[in-house]
Amino acid sequence: MKRLAKPLTSIKPVYDYVVIGSGYGGSIAASRMSRCGQSVCLLEKGKEFLPGEFPQTLFQASSEMNFAGGKSVDLEKNGLYEFTMGNGINVFKGCGLGGTSLVNANVSIEPEPRVMEDSAWPVPLREDLDSFKWGIKQAWEMLKPNPYPENKNGYPKLEKTAAMRKSAAYMSAPFRLLDINVNFEDKINHVGIKQAKCTNCGDCVTGCNIGAKNTTAMNYLPDAYNHGAEIFTEINVRYIKRNKDFWQVYYHPIGIGRDNFDAPLMFVQAKNVILGAGSLGSTEILLRSAKMGLEVSKKLGERFTGNGDVLGFGYNNEHRINGIGLGKKGTDSIANVGPCITSVIDLREREELEAGMTLEEGTIPGPIRGLMPKALFAFSRLAGKDTDRGIKDYLKEKWREIRSLILGPFHGALARTQVYLVMTHDDGNGVLKMDEADKLNISWQGVGKQDIFRKVNGEMYSATEALGGTKIPNPTWNKMMNYDLVTVHPLGGCGMADQAALGVVDHKGQVFAGQEGSKLHEGLYVMDGAVIPRPVGTNPLLTISALAERSCKLIADEKGYQLNYDFSNATDIPDSPTSLETGVQFTESMKGFIGMGETGDYEAGFIQGKKENTTFEFTLTIQTEDIQEFVESENHPGKMLGTMMAPAISEEPLSAYNGVFNLFITDENNDSRKKMNYTAELISKDGKSYYFEGFKDIFNDSVVDAWKDTTTLFISVYEGNDSKGQLLGKGKLVIKVADLLRQLRTVKAIHPKSKSDGLSAIATFGKFFAGNVFETYLGLK
């Protein structure tokens, strides 16, 4: 499978749509707007993972864990598994190209009709639920949910599913197999992606290394790619601002070294912006944007809900479960674990909506299975409640625990442990807000003490009692920890409503402009779980997807776009993760002066600028996408992107795009003279365009000049998009020693095939640079 993300230096300065986030909302927005013929840029904070690249061991998984907390904001934090610790409730979500779809349990289930009929939703949606049902149909066509194929095509009946049937019968409750977004046959899918069939490894929630899980990276995102959307990863969007007819999206590129230089944020412009960064991400961006002057509803951050999520365990049952993921033990043959979730005991349709719930089984993913024997042994002593008694039962349970502790999680008590995930209806009164350190804070003290969660634990006890095990609640749900909860389904924060006094966005996700009335921000939308104004009471991915599909259709109709849903443009995206060659990137910072109005001499411009204190500095990231091609090419071209600060031209930092870097080009008139060329288009905060040219003159007039020549850049700045515009000034920049040392720390290989391949690419670049210096100044080749 080919990578969908483009190199950062390929980003353009202006798009019709900038989409932030790539989960169910963002990926749908990118797919549908690109199908409308609009230019689309999708920005994702996380990395891109191909099948085979997800963690398979505890060590690998631990390196992808990111805990949001601490006293300061770290813009470089970027793990696949993101934990946000709150007051009363904690959140786990995915961070990668595909969002939480990469690490969820894939369950597509429609909400109970009474949920969508609730008065929390805006009137236009409640009065047109057929459009919501249409959205479900469209999402279904893309995500391809289907039930686990018991006793078909080589797939065995699963022990954990059989145990759920037994629990349901004991509880006199409805049981059924769930529709899950998992592929059970080898095929090229409807958007051109080659997918393998599920091997039942059980590692859905740490990332599917088979490629069988129908994440948005397997459907909506490649569909957007097929229709021209440009996808960029490792982009941390901070806030948005309106400038005349455009939105400006301010962001920090992760992992390229700009933080070493305290470089300012960059921005990209768009006619429209769609926030799809999830309940926490979209709310945080709008909260920060509000601090920067964006007028929004006072309800922003309110009505946050954990969707009534409760995690629990039926430990050490009489019934075998096989609910342990295989991790590195994964095999090409079909195992007996199964996808993470396959079935449900559906406890909805009760007289009181808020008393309903769905109870599903799960699996413990392979990368963390080694922690579980001791952990669940300890939790069973601290908070467990055994559902059966008797000396014979006691001895059998102890023997199974000993086997697990000695032989590991595939044996004894752990092999007989059922994982439960319950979703119900909390009161939805959580609050998201920014603290003094500019971090998102979740405040919902005492949420776990609501009566509904005691009822949930009662149902889990009954399900476990049917199997003769010990019921263990969520490890944080106890008196010592104030009954804190953990949710994997955060919703709300930008809730839908009929007016700004009641919510943040209207029925199609468009953001209200102000605190009262129904005035809307032109071209600004939220399209993810943040817009859901109440708990759904079951897995929310299908609800989120249906609302996003509906919103895109309404936007297309409103703006007169032609939106088609056929797959005639689907292309086979080859099964070749090595299609990108290994490149090298580094980030460079230079400082100096520019003489405004000086059009003749660089040195004179520098002296004038120094006298008038018209400073000029930049922080630019330079990328070579193929180091071998770079070395062999006559012009040795690289791409360039970053920021420039020139107060005499713009009070705010300028963003540099479409930059080109040429290293050691031989002078046509003097083959002993070489140049390093820099060119880039600049955009100011007020939307004005400028053009930057610079060069380093590499010439052996003295061996000791090698340092000065390679660290001195002569610059010119023009109005407009090229050098045909009015020349505004000339000057000179230099690299300070401290900045050079920082620059050396930023040199890294991009998309290497292995660690040794990356080191080889860096060595090739270093040898090429040093070789040209030796050749120029010492006559050595």
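This is a predicted model: local features need pLDDT of at least 70, side-chain atom pairs count only at pLDDT 80 or more; totals for chains, interfaces and linings use all residues.
User: How many salt bridges does a search of the whole structure find?

Analyst: The search finds 36 salt bridges. A salt bridge here is a side-chain nitrogen of Lys or Arg within 4 Å of a carboxyl oxygen of Asp or Glu.

User: Which residue forms a salt bridge with Asp 223?

Analyst: Arg 35 does, and the closest N and O atoms are 2.7 Å apart. Asp 223 lies in helix α7 and Arg 35 in helix α1 (residues 24-35), so the pair ties together parts that are 188 residues apart in sequence. Helices (H or I, at least four residues) and strands (E, at least two) are DSSP runs, numbered from the N terminus.

User: Is Asp 223 buried or exposed? And Arg 35, buried or exposed?

Analyst: Asp 223 is buried, with a relative accessible area of 2%, and Arg 35 also counts as buried, at 5%. Buried means under 20% relative accessible area, exposed over 50%, and partly exposed in between (1.4 Å probe, protein chains only).

User: Which residues are linked with Arg 35 in a network of salt bridges?

Analyst: The network links Arg 35 with Arg 32, Asp 223 and Glu 549.

User: Staying with salt bridges, what does Arg 176 pair with?

Analyst: Arg 176 forms a salt bridge with Asp 346, with the closest N and O atoms 2.9 Å apart. This pair links distant parts of the chain, with Arg 176 in strand β7 (residues 175-177) and Asp 346 in strand β16 (residues 343-347). The two are 170 residues apart in sequence and 7.9 Å apart in space, C-alpha to C-alpha. Arg 176 is partly exposed, at 35% relative accessible area, whereas Asp 346 is buried, at 10%.

User: What else does Arg 176 touch?

Analyst: Besides Asp 346, Arg 176 touches Ile 109, Ser 343, Val 344 and Arg 348, not counting residues up to four places away in sequence. Contact means heavy atoms within 4.5 Å.

User: And what about Lys 732, which residue is in a salt bridge with it?

Analyst: Glu 603, with the closest N and O atoms 3.0 Å apart. Lys 732 counts as buried at 13% relative accessibility, while Glu 603 is partly exposed at 35%.

User: Where is Asp 203, between which elements?

Analyst: Asp 203 is in the loop between β10 (194-195) and α7 (220-226). Not counting residues up to four places away in sequence, Asp 203 touches Cys 208, Gly 325, Leu 326, Gly 327, Pro 365, Gly 366 and Pro 367.

User: Switching to helices, at what angle do α6 and α12 pack?

Analyst: Helix α6 (residues 159-171) and helix α12 (residues 451-465) pack at an angle of about 115 degrees, with their axes 8 Å apart. That makes α6 roughly perpendicular to α12. Axes are lines fitted to C-alpha atoms, for helices over the stretch in contact, and angles run from 0 to 180 degrees between N-to-C directions. Angles under 35 degrees count as roughly parallel, over 145 as roughly antiparallel, 65 to 115 as roughly perpendicular and the rest as oblique.

User: Which residues of α6 and α12 meet?

Analyst: Ser 167, Tyr 170 and Met 171 in α6 meet Glu 459, Ser 462, Ala 463 and Glu 465 in α12.

User: Last one: where is Gly 25, and what does it touch?

Analyst: Gly 25 is in helix α1 and counts as buried, at 2% relative accessibility. Gly 25 touches Met 527, Asp 528, Ile 544 and Ala 548, not counting residues up to four places away in sequence.

Terms used: Residues are numbered from 1 along each chain as its sequence is written. Side-chain values use heavy atoms; hydrogens and water are left out.
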